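Open the model in your viewer and keep the selection panel at hand. Each stop below tells you what to select and what is there.

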2 protein chains.
Amino acid sequence: MSYAVWGWGAPDEAPTAADLAAVAPVVQEATGVAVQAPEAPRPAPGLPPSRRLAGLPPSLRALASDDPVDRARHGLGRSYRDVVRGLRGDVPHAPDLVLRPRDEADVAAVLDWASEAGAPLVPFGGGTSVVGGVEPVGLDAPVSLDLQRLTGLVEVDAASRAVQLRAGTLGPDAERALRPHGLTLRFYPQSFERSTVGGWVATRAAGHFSTGPVHVDDLVESVRAVTPVGLWESRRLPGSGAGPSPDRALLGSEGTLGVVTSAWLRAQPRPAHRWAATLAAPDLATGAAAVRALVQSGLRPATTRLVDARESALTGTLATGEAALVLGLESLHAPLDHDAATALEVCRDAGLRVVESGAVASGGGRGASAEAWRSTFVRAPYLRESLVLLGVLVETFETAVTWDRLDALVADVTAAVTDALARVCGGGTVTCRLTHAYPDGAAPYFTVTAPARRGAELAQWAEVKAAGAEALAAAGGTITHHHAVGRDHRPWYDAQRPAPFAAALAAGKRALDPAGVLNPGVLLG
Amino acid sequence: MSYAVWGWGAPDEAPTAADLAAVAPVVQEATGVAVQAPEAPRPAPGLPPSRRLAGLPPSLRALASDDPVDRARHGLGRSYRDVVRGLRGDVPHAPDLVLRPRDEADVAAVLDWASEAGAPLVPFGGGTSVVGGVEPVGLDAPVSLDLQRLTGLVEVDAASRAVQLRAGTLGPDAERALRPHGLTLRFYPQSFERSTVGGWVATRAAGHFSTGPVHVDDLVESVRAVTPVGLWESRRLPGSGAGPSPDRALLGSEGTLGVVTSAWLRAQPRPAHRWAATLAAPDLATGAAAVRALVQSGLRPATTRLVDARESALTGTLATGEAALVLGLESLHAPLDHDAATALEVCRDAGLRVVESGAVASGGGRGASAEAWRSTFVRAPYLRESLVLLGVLVETFETAVTWDRLDALVADVTAAVTDALARVCGGGTVTCRLTHAYPDGAAPYFTVTAPARRGAELAQWAEVKAAGAEALAAAGGTITHHHAVGRDHRPWYDAQRPAPFAAALAAGKRALDPAGVLNPGVLLG
């Protein structure tokens with residue numbers, strides 16, 4: 001299947017045979033999984049012709065694409081199972097049609113038509129969902145509503161440091177547009193290159209900074225969305241106590257309540273000061289205790305990235321067999337000397353060893369080391385597809401839990417997944433890092449690598465994922481800290497949310513979307 | 001009418017004739033309003049006998065009170081119009097009955113009975129609403145559901161610094177319970193002495209600290225509420241991305257979706273370091289620019305209390321005819337020297353003059369000056385009732401707005417209210433302070449004093465309030481930053497919220513409360 005359908009990168013970034021040959025021994029060494037002969041992507045079987053195209057009103061026909069590659073691309077997200085299926089040309093739920101509205105009026109026209117025609121609509125931003133958020137499963141001739149034409153910076157309020165961005169704006173484009181204003185969103189989800197402002201809002205995405213504003217929720221000042229019953233626009237407010245927050249109702253609604261068309265987000269200048277340290281901890285739990293002490297000390301470190309010993313070795317952070325804590329401080333104005341000294345003292349008191357530390361040079365506002373790490377971070381999805389082509393099962397999942405339950409959750413999930421891997425894959429490993437830290441808890445993030453049995457990967461992963469999800473739910477975690485619910489997390493999400501809340505959400509959706517066309521199967525239905 | 005019905009304090013704290021005589025000249029001097037002869041509270045007319053008592057199941061009869069004073073107390077909040085009406089024995093909407101559940105099972109039993117009997121229920125925490133939140137207007141034999149028996153600390157999670165408190169717990173009781181654990185909620189709304197945890201959650205209350213966690217929203221880790229269709233309990237989580245936040249749906253629901261019975265809140269140790277300064281600004285706008293620079297600098301001052309020149313004189317902050325900024329910094333561990341120097345530099349650059357500054361002694365964890373101010377702050381409602389007895393119209397209202405619109409909003413509201421006061425009261429003044437500051441905006445808080453025409457106060461205030469509300473809405477503000485919506489703010493709240501959100505909220509409420517018994521008229525209906 002065309003790389004455009006399943007790949008992370010631009011068309012010319014598909015891994016070549018030479019790339020795979022070069023990376024294979026490294027992968028085998030790092031993961032301990034015997035790599036297999038590189039798999040050649042298979043051509044896609046043809047798609048049936050669009051059923052909806054002919055019936056579209058002419059005004060919408062101008063927005064429509066029934067190109068098979070386009071449709072196939074919109075039938076998959078970017079989870080492990082999406083990549084596996086995509087490269088084999090297995091796109092079981094390609095939409096009937098892709099519609100690309102140019103503006104809000106187009107979105108409203110699409111909603112009117114879909115409500116009338118009973119056409120299920122799946123809002124599509126960057127298509128990077130790893131939870132089945134954009135895959136129209138079990139729907140009758142569904143339509144993918146691609147927001148990629150609703151792009152760009154609408155307005156800047158320099159006094160309030162807030163910016164209005166259209167929903168389809170990609171991360172790098174948002175940053176490019178803000179740069180002349182001396183501002184940054186300082187929001188870098190791993191999908192930064194490929195995901196959109198609207199997708200962030202709809203899924204409660206999280207950036208890579210460990211504390212402070214973690215989810216986009218805290219950056220949102222107001223949201224505009226088109227619903228089947230009209231425009232939803234909240235007033236721009238720095239804070240309010242007027243009833244339940246309308247913005248918080250849209251945040252995380254994953255396209256089920258309306259189509260986000262733009263948002264006002266809080267921005268900020270680039271930090272003037274940066275400081276970073278690498279510390280070694282005897283194990284993850286000791287490192288986690290240090291992270292807890294740090295965030296509870298009143299410090300707000302930009303980065304408290306803690307990886308277990310195996311991930312530490314894998315990522316080249318430490319080759320000592322210890323867990324590693326990469327600590328970063330940032331400041332707009334104030335020098336960081338005192339905070340840095342405090343942070344190191346807190347870590348030493350918690351039993352950590354300082355490997356290196358120091359101010360980070362601000363070439364162009366960014367330190368080289370932070371830049372290198374961010375580059376590795378956003379490159380991870382590219383690496384993953386090489387692993388998939390080499391027959392390695394590789395996937396991640398995350399949660400969040402209060403500090404009192406953290407160690408038990410990590411132990412239980414690790415044990416359950418390790419056990420499932422042995423059973424299902426005959427081996428494999430699960431590693432853990434803490435990606436985000438709060439005064440009252442943290443977000444553990446698990447990475448699984450194992451030998452894939454070609455053709456059986458979906459069943460393999462389903463069983464491993466279920467084992468992990470059951471264990472983390474039993475240990476008090478959330479089914480997702482920042483990957484959203486989509487279709488894949490429904491069983492655990494349904495069990496997690498308060499039943500009366502589910503009833504209210506379903507009723508609210510019916511009021512907004514009486515025809516039930518907005519992303520059916522996601523969150524509800 | 002009994003002081004218990006309309007007064008802020010304990011029975012022995014009612015202002016005496018001597019108190020009033022002493023305060024009268026001070027009030028006259030400070031407000032410029034000619035005080036009137038102290039008004040003697042009038043006895044209440046009798047209430048009709050309860051219609052619902054006899055029909056209560058025996059299990060609920062044990063929770064019921066039909067005492068007239070009790071019923072009258074539950075028919076009023078604590079707004080200016082409540083105090084005026086209360087002291088005159090004018091309680092037009094006293095509930096038919098007061099029910100005081102002892103536990104969640106009782107709450108559920110009350111909801112079952114009320115849904116069956118069609119009895120409107122008004123959840124009642126401390127009864128300090130200033131927006132008609134607890135006054136059962138236009139309801140058929142309504143019942144006040146007083147949560148005062150659901151009190152106390154349920155559990156402490158020391159590792160996560162989180163505490164579970166029952167809904168009826170008053171502020172001081174919560175602090176007393178946390179003190180042995182070395183924790184504080186650090187949450188002090190002006191109603192602190194009389195308001196409850198459940199009330200804070202239901203109304204999105206704000207504490208007096210100017211930045212950081214402003215609303216209780218940011219302290220909430222999970223909420224338990226009883227709804228007519230069952231228990232609503234969110235998982236305790238430090239953060240989550242699993243669908244729209246259930247907690248945020250309850251926050252601000254003002255008793256319309258369910259009855260909050262307990263909440264897990266984030267707590268913290270007392271700060272070890274405090275620093276305070278008083279600065280003078282030529283006017284409020286210059287002071288506001290300094291506050292903006294402070295919060296946008298990356299500092300997170302505990303206090304950025306800016307009062308205009310008149311309030312500065314009134315409160316004795318500065319006698320120089322200048323606006324005053326009271327600035328406070330706090331820290332758990334780090335000394336504040338550098339932040340303090342930065343803060344003063346930012347203020348000087350913005351054109352402010354430093355009047356005094358320095359570290360605040362931490363006697364028992366609290367500085368004397370902060371303590372004195374907090375005492376004045378929580379005493380304000382006592383002072384207000386003396387003003388009312390002396391024939392002074394006195395009320396406040398607040399909003400929040402982005403920085404780009406702040407100066408215009410303050411000017412427009414001041415002009416509109418001044419004009420209304422001249423027209424309605426033949427004079428009077430409106431002053432302004434900024435109570436809370438965000439990177440993208442601030443919360444202006446207006447205080448009105450004017451000569452009251454006895455017997456006409458409600459009409460007077462209604463006209464002045466409407467003028468202020470219209471002006472602030474037109475200028476882009478929210479109808480309430482932290483006083484909630486209740487019944488009084490409905491016209492402006494209805495205009496402010498997105499129409500599709502209102503439709504979803506109403507549908508959600510119908511799903512949870514099919515009989516429509518939960519606080520009808522508040523937010524909805």
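This is a predicted model: local features need pLDDT of at least 70, side-chain atom pairs count only at pLDDT 80 or more; totals for chains, interfaces and linings use all residues.

Residues are numbered from 1 along each chain as its sequence is written, and chains are lettered from A, with ligands numbered from 1, in the order in which they are written.

**Strand β7 of chain A**

Strands here are DSSP runs of E of at least two residues, helices are H or I runs of at least four, and both are numbered from the N terminus. Two strands pair if DSSP finds at least two bridges between them. A hairpin of two residues joins β7(A) to β8(A).

β9(A) pairs with β7(A) in the antiparallel sense, over six bridges. Pick A:Ser222, and its bridge partner in β9(A) is A:Trp264.

Is β7(A) mostly covered or mostly open? Strand β7 (residues 220–227) of chain A is mostly covered, with seven of its eight residues buried. Buried means that 20 or more other C-beta atoms lie within 10 Å of the residue's own; exposed means 12 or fewer, partly exposed is in between, and C-beta atoms are placed from the backbone.

**Strand β11 of chain B**

Go to chain B and select residues 303–307. This is strand β11, and five of its five residues are buried, so the strand is largely enclosed by the rest of the structure. Look at the directions: B:Thr303, B:Arg305 and B:Val307 point one way, B:Thr304 and B:Leu306 the other.

Two partners come next. Strand β12 (residues 323–331) of chain B pairs with β11(B) in the antiparallel sense over five bridges. There, B:Thr304 stands opposite B:Leu327. Strand β16 (residues 429–438) of chain B also pairs with β11(B) in the antiparallel sense, over two bridges. B:Val307 has B:Arg433 as its bridge partner in β16(B).

**The nonpolar core**

Select A:Val201, A:Leu325, B:Val201 and B:Leu325. Of the 324 residues in the largest nonpolar core, these touch the most other members. Such a core is a set of buried Ala, Val, Leu, Ile, Met, Phe, Trp, Tyr and Cys residues joined through C-beta atoms within 7 Å. In soluble globular proteins, nonpolar side chains tend to be buried together.

Stay on A:Leu325. Beyond neighbours within four places in sequence, its contacts include A:Leu279, A:Val291, A:Leu306 and A:Leu352. Contact means that the C-beta atoms of two residues, placed from the backbone, lie within 7 Å.

**A:Leu523**

Next, find A:Leu523 in the segment after α17 (499–512) of chain A. A:Leu523 is buried, with 29 other C-beta atoms within 10 Å. Leaving aside neighbours within four places in sequence, A:Leu523 is in contact with A:Glu254, A:Thr256, A:Val485 and B:Gly243.

**Between the chains**

Show both chains. How many residues does each chain bring to the contact? Chain B gives 83 residues and chain A gives 83 residues. Helix α17 (residues 499–512) of chain B gives the most to its side, with 11 residues. That side of chain B divides into 37 nonpolar, 32 polar and 14 charged residues. Nonpolar covers Ala, Val, Leu, Ile, Met, Phe, Trp, Tyr, Cys and Pro; charged covers Asp, Glu, Lys and Arg; the others, Gly among them, are polar.

**Two positive phi values**

Most residues other than glycine have a negative phi. Select A:Ala141, in the loop between β3 (121–124) and β4 (143–146) of chain A. A:Ala141 has a positive phi of about 45°, and A:Ala141 is partly exposed, with 17 other C-beta atoms within 10 Å. Finish at B:Arg186, in the loop between α7 (171–178) and α8 (197–203) of chain B. Phi of B:Arg186 is near 50°, and B:Arg186 is buried, with 21 other C-beta atoms within 10 Å.
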